[in-house]
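Here's a friendly walk through the fold, piece by piece. Have a look at the sequence and the model first.

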Amino acid sequence: MLTKPPISVVLCTYNGALFIEEQLASIIGQTYGVGEIIVVDDASSDHTYAILERAAARDMRISLFKNNSNIGFSANFEKAMKMANHDFIAIADQDDIWNLHKIEKMMAAFKPNAAAIYCDSVHFSKKIPAVPVANKKNRRIQGTEVRQLAVYNTVSGHALILRKSLLANALPIPANIYYDWWLALQAAANGGLQFLDEILVYQRVHDNNATIAKNISKKELLNNYRTMLGAHLSAFAQIEALSEIDRDFFVNLKNHWSEMLQQGSSMGLFMFMLKHRKNLFHYKKRKLPFISACKHAFLFAFPRF
């Protein structure tokens, strides 16, 4: 009988007292034996840490740490992942709820050549949907084509399990970069990214979500995205595992993107995005893909219009 490989769960918290107990219960109750649960609290000012201390006293698998000052969720997840002792690492957010079969199903599906696997997830606010429905608007990215992750990420950290060996290439995570997007691209470049088409995480939406925008205008969201993507493209171009062709792709895209940010528009960016539309807009499911690509390339390249 084959032995199931042990897995580390890394959970980062910050002022999560309202929901952390439900998430911990869904992790502790997994049908796949969890070897350790590493929790790093990012200097919470509420009673999150007291709740965690009580949980750690009840379950010896929980290793609890607290930062002296707030370092942000990406840096905090990097710190937590470095502490993992097992060959597989599952990432958890503080306010979600996991399907109790999440790890078991993902580990059973995990292919030997893949560096990471992620599942689907759905939002909820008060009650988990009895019949969750997946988002059919976008296509989930998987495989080894890094260019498909250049402008859009379909991988959420809370849905991700990765091989610890990936960290040798993926760490450190550059400053001001979304850790899950970085890990997804690193996985694609270092063996492959796999998607399990099953909803196994219920992502809670509430007033204090760290990564779900609230009360922000569409214009402000787009401006924030443009600035954010410029920083990400600069970091992506430095990934060591990229082929020279892929590195040139990211460098050129970064340069065109920088031109757009500086000048307010860029015909070069528009033409580049149309040329590479099948990869850049791979995530979009559209009946008229060329027309959709033209529209989105124009919006990216000429944001003033």
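## Ground rules

Helices (H or I, at least four residues) and strands (E, at least two) are DSSP runs, numbered from the N terminus. Keep in mind that this is a predicted model: local features need pLDDT of at least 70, side-chain atom pairs count only at pLDDT 80 or more, and totals for chains, interfaces and linings use all residues. Residues are numbered from 1 along each chain as its sequence is written, and side-chain values use heavy atoms, with hydrogens and water left out.

## The sheet

Let's start with the strands. Eight of them form an open sheet with mixed pairing, in the order E3-E2-E1-E4-E7-E6-E8-E5. (Two strands pair if DSSP finds at least two bridges between them.) At the edges sit E3 and strand E5 (97-98), each pairing on one side only. Helix H4 (residues 102-109) packs on this sheet, touching E1, strand E4 (88-92), E5, E6, E7 and E8. Contact here means heavy atoms within 4.5 Å. The direction of H4 makes about 170 degrees with that of E8; axes are lines fitted to C-alpha atoms, for helices over the stretch in contact, and angles run from 0 to 180 degrees between N-to-C directions.

Strand E6 covers residues 116-124, and eight of its nine residues are buried. Buried means under 20% relative accessible area, exposed over 50%, and partly exposed in between (1.4 Å probe, protein chains only).

How do its partners run? Strand E7 (residues 160-163) is antiparallel to E6, joined by three bridges, and Tyr118 has Leu160 as its bridge partner there. Strand E8 (residues 193-204) is parallel to E6, with nine bridges between the two; in E8, Ile199 stands opposite Asp120.

## Helix H2

Which residues of helix H2 (residues 48-58) are buried? They are Thr48, Tyr49, Ile51, Leu52, Ala55 and Ala56. Seen down the axis of H2, these fall within an arc of 155 degrees, so they line one face of the helix. That arc is taken from the directions from the helix axis to the C-beta atoms.

The buried residues of H2 pack against strand E1 (7-13), helix H1 (20-28), strand E2 (36-41) and strand E3 (62-66). On the other side of H2, Ala57 and Arg58 are exposed.

## Helices H7 and H8

Helix H7 (residues 218-236) packs against helix H8 (residues 244-263) at an angle of about 150 degrees, with their axes 9 Å apart. That makes H7 roughly antiparallel to H8. For reference, angles under 35 degrees count as roughly parallel, over 145 as roughly antiparallel, 65 to 115 as roughly perpendicular and the rest as oblique. Residues making the contact include Tyr225, Leu229 and Leu233 of H7 and Phe250, Trp257 and Leu261 of H8.

His232 is also part of H7. Buried or exposed? His232 counts as buried because its relative accessibility is 0%. Leaving aside neighbours within four places in sequence, His232 is in contact with Asn176, Ile177, Tyr178 and Trp181.

## A residue on the outside

Finally, take Lys278, found in helix H10 (residues 277-280). With 69% relative accessibility, Lys278 counts as exposed. Lys278 and Ile291 are 13 residues apart in sequence, and their C-alpha atoms are 12 Å apart in space.
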